[in-house]
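Have a look at the chain first, and then we'll go through a few of its parts.

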Amino acid sequence: MNRSDLLPEPDLPKAADLLAEGRASAATWQTGPSAFLSHYATASELDYKRTAMAQGRVMQHAQIGYRDPTKSIRAYHDIWAACDAQGTRLDRYGLCLDWSMALPRAIRARAQRGTGMILPTVEDFVSLANAAPVAAHFGDFVLGFPAALENTQAALTAGATAIGNLGQYFTFRVPGHDDDIEATRATVTALGLIAAQATPVLIHSNIDDGFAAQFTDLANALGMILVERDIAALIGAPIGHAFGHHFSDPLNRLAFQQALAAEGAAPGTMIYGNTTSYRGTPSQNWAALSAYLLVDALGQRLAPTGHAINPVPVTENQRIPEIDEVIEAQLFAGRLIELAATWQPLIDPAAVTTQTARLRDGAGRFRAALWHGLAEAGIDTADAFEVLLALRRMGGRRIEAAYGAGTPDPRAMGGRLPVIPATILHEIAELALAALGPNPTATPGLRVLVATSDVHEHGKMLIDEMLHRLGATALDGGTSTDPDRLIALTQQHSPDAIAISTYNGVALSYYQTLREGLQRAGLDTPILIGGRLNQIPEGSNTSLPQDVGAQLAAEGALVCREAADLMPNLADIAARKAARAASPP
Ligand code: B12
């Protein structure tokens, strides 16, 4: 990799100027008071976390963000009150902004909306974050996007002292917006504002939103945390990480947490729920919840890192959870934290220590190789703007292949044999085998263009794997691919079918734009669509998206509720292709 490929622009902004601009705006934008800060007489969540760590108290995190702001405010208050009444302390809320919030107010109205919360004004941030004495964590769609500065200003005014999400900066894309220089400029300026606050404000980064979602090796995920910490040091602000979405194996979950403790990467923000293991009914998901939450509670007891633990409601794989379901999960966590103490003697410290050492060793090598590689490529490693933009443009897959801790091996998925394989890879392979069944009918010769409408790419990885096993060709349509790009790729490659995996509550509008564009281009390529087939109806202020499967089918989409639906659809497409070949027009 070299500078001219990564940063060909002659006049990039300088980090020092942007940080100075951000620092200067601290004269106007300061951390406001909040119900949380005054209730606990603390200056910031960082101080509060340090106190909890010293006391050995395990903290709790809940994720909320409904489209209807009044419902979000009600949730903010009622979840805290219900837990408080039962003696369970809810420490923090992760506030889930909608992805349209990633764009500045001036142009937000024309942005595509997802399923999350829209807070139009600074006052809306303030009203929400003061509805109960719980720390407000603005963790999504703030840092990393064109609206980073104005959303950070609003979050600070609301008294939030944890703001993110640096992980999203590296991997997320807002539909129709590809100006990465603008996103980086806004992010670095916002970081300058954060660093200049009189009270410490944590930069939050969910590593599973970032490159850890793409890496095949957990050691590299830990290494990336260390690299992001180095970047935060360039900025002069503390950083706290979240992890956990993609870790289903308890030993690795505990070892990763202990490695963070040993690296002094604490306090962290929260440990995310291992929600990829929610695949069943609510009753089955309670088992998945207990399996990850118990080890998270134990980790905080054994070596506190200040991460709050996150009991994700068991309906999360079906829909956005309701307020009473969040309360239920929190009360469950409160009791589980108490019971966790009795499990402590069952932990094998030697096994955890060995795994922790392997992780740290690999992470250290990744960190050193990545910094060395950046410098060698001609990137100014003292300039946060250059480093951030170069890493984002390299992307997780290239970074892992070039600088990963594992031994190079062209047959391995990430280009290297992982030091500690990411569990999601095994899980996808298992899902593919289960969906294919014992004797799947092969469809050799079929070429399918596979893409996602947003950042969720496990569905795509699964379909790619299944196509491969069926002898078909999976053409890479990319992740977060706009319909226009997919139309261009269809014209270029003439696939037999397009397969889309979509999760962001845009299934119908995405399909309609794609279908119309293909028609205009004179193409009638079959479109298979799966994932979360829902959408909040346009103009509706209800908080929950509605299923659009029937509408999609009525408009000609091949609706796939499960991965196994791929096979009958492919068989039909193959049969029609064979018939066309037998009797050409
Ligand atoms: C993992 C995950 C993430 C990861 C994704 C990492 C990655 N690189 O893929 C991360 C952490 C990055 C993430 C981010 C977000 N996520 Co998310 N995420 C999930 C989660 C936990 C699992 C989804 C998944 O990968 N499943 C694995 C696949 C293989 O299984 P499956 O979904 O059951 O799919 C089956 C079928 O549908 C089928 N299938 C899927 N696609 C296709 C396609 C075809 C053609 C076919 C044939 C079949 C098929 O195959 C599977 C097996 O049968 C779900 C919740 C859950 N437990 O389902 C939320 C979820 C999808 N996320 C959600 C949201 C809101 C977000 C965010 C907006 C949150 C935020 N505020 O930041 C962001 C997205 C931002 C963006 N720019 O796009 C919502 C979507 C809400 C909705 N539409 O109703 C969910 C449902 C959580 C929730 N209940 O709120 N997420």
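Which residues point one way from β13, and which the other way? A497, A499 and S501 go one way, while I498, I500 and T502 go the other, and all are buried. Buried here means under 20% relative accessible area, exposed means over 50%, and partly exposed is in between (1.4 Å probe, protein chains only). Strands are DSSP runs of E with at least two residues, helices are runs of H or I with at least four, and both are numbered from the N terminus.

Before going on, a word on the model: it is predicted, so local features need pLDDT of at least 70 and side-chain atom pairs count only at pLDDT 80 or more, whereas totals for chains, interfaces and linings use all residues. Residues are numbered from 1 along each chain as its sequence is written, and side-chain values use heavy atoms, with hydrogens and water left out.

**Around β13**

Back to the strand. Six of the six residues of β13 are buried, so the rest of the structure largely encloses it. As for its partners, two strands pair if DSSP finds at least two bridges between them. β11 and β13 run parallel and are joined by five bridges, with T452 standing opposite S501 in β13. Five bridges also join β13 to β14 (residues 527-531), again in parallel; there, A499 has L528 as its bridge partner. Together with helix α20 (residues 507-520), β13 and β14 make a right-handed β-α-β unit. Right-handed means that, with the strands pointing away from the viewer, the path from the first strand over the helix to the second runs clockwise.

H456 sits in the loop between β11 (447-452) and α18 (458-469).

In α18, the buried residues are G459, K460, M461, L462, I463, M466 and L467. Their cover includes α17 (423-436), β11, β12 (473-476), β13 (497-502) and α22 (566-582). Just after α18 comes G471, with a positive phi of about 80°.

**Helix α4**

Now for α4 (residues 45-55), where E45, L46, Y48, K49 and A52 are buried. Seen down the axis of α4, these buried residues fall within an arc of 160°, so they line one face of the helix. That arc is taken from the directions from the helix axis to the C-beta atoms. On the face turned away from the buried side are the exposed residues A54 and Q55. Among the elements covering the buried residues are α3 (35-39), β2 (92-95) and β5 (202-206). G56 follows α4, and its phi is positive, near 70°.

The table lists contacts (heavy atoms within 4.5 Å), leaving aside neighbours within four places in sequence.

| Residue | Relative accessibility | Contacts |
|---|---|---|
| L359 | 1% | L218, A219, L222, A255, F256, A259 and I420 |
| E45 | 1% | F36, L37, R92, A135, T161 and A162 |

L359 is part of helix α15 (residues 349-376), and E45 lies in α4. L359 and M117 are 242 residues apart in sequence, and 37 Å apart in space from C-alpha to C-alpha.
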